[in-house]
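Me: Could you go through this model with me, one piece at a time?

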Amino acid sequence: MAWVVGANALLGVLAIVLGTVTLRTGWVLPTARRHVTRPRLHGVGVLLIGASLLLQSLLHFGVLPGVSWEARFYSGNALLLGGMLLLALAHVLPLRRSERHARPSGP
């Protein structure tokens, strides 16, 4: 069972690194690049998912101070679902166009 939680922690660290890279540079993994319209929102969502995975793993191994299992369960799920919601919004929301590149609306 410990290897499953360890793999979960490793995926959490990987997600945090990818979310940070997306926020700093705007780079998105090639598999999701075509679908993402808001890279910053995508980066925050990936950060929340990574934090959820890492915190749940650290709490399982007893690295962090113990809290009740209900608090761990609900807070971990809230972070995970919040991150998934932001990822969905990053895919669904339309592209933002800046004023400089907008077409002139004149006769």
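Me: Which residues are buried in α3?
Reply: In α3, His42, Gly43, Gly45, Val46, Ile49, Gly50, Ser52, Leu53, Ser57 and Leu59 are buried, where buried means under 20% relative accessible area, exposed over 50% and partly exposed in between, with a 1.4 Å probe and protein chains only. This is a predicted model, in which local features need pLDDT of at least 70 and side-chain atom pairs count only at pLDDT 80 or more, while totals for chains, interfaces and linings use all residues. Residues are numbered from 1 along each chain as its sequence is written, and side-chain values use heavy atoms, leaving out hydrogens and water.

Me: What do the buried residues of α3 pack against?
Reply: They pack against α1 and α4 (69–92); helices here are DSSP runs of H or I with at least four residues, numbered from the N terminus.

Me: And what does histidine 42 touch?
Reply: Leaving aside residues up to four places away in sequence, histidine 42 touches Thr22, Val28, Val36, Leu87, Ala90 and His91, a contact being heavy atoms within 4.5 Å. Histidine 42 has a relative accessible area of 10%, so it counts as buried.

Me: Switching to α1, which residues are buried there?
Reply: Val5, Ala9, Gly12, Ala15, Gly19 and Thr22 are buried in α1, and the buried residues of this helix pack against α3 (39–61).

Me: What comes just after α1?
Reply: Glycine 26 does, with a positive phi of about 85°, and α3 is followed by glycine 62, whose phi is also positive, near 80°.

Key. Helix = DSSP H or I, 4+ residues; strand = E, 2+ residues; numbered from the N terminus.
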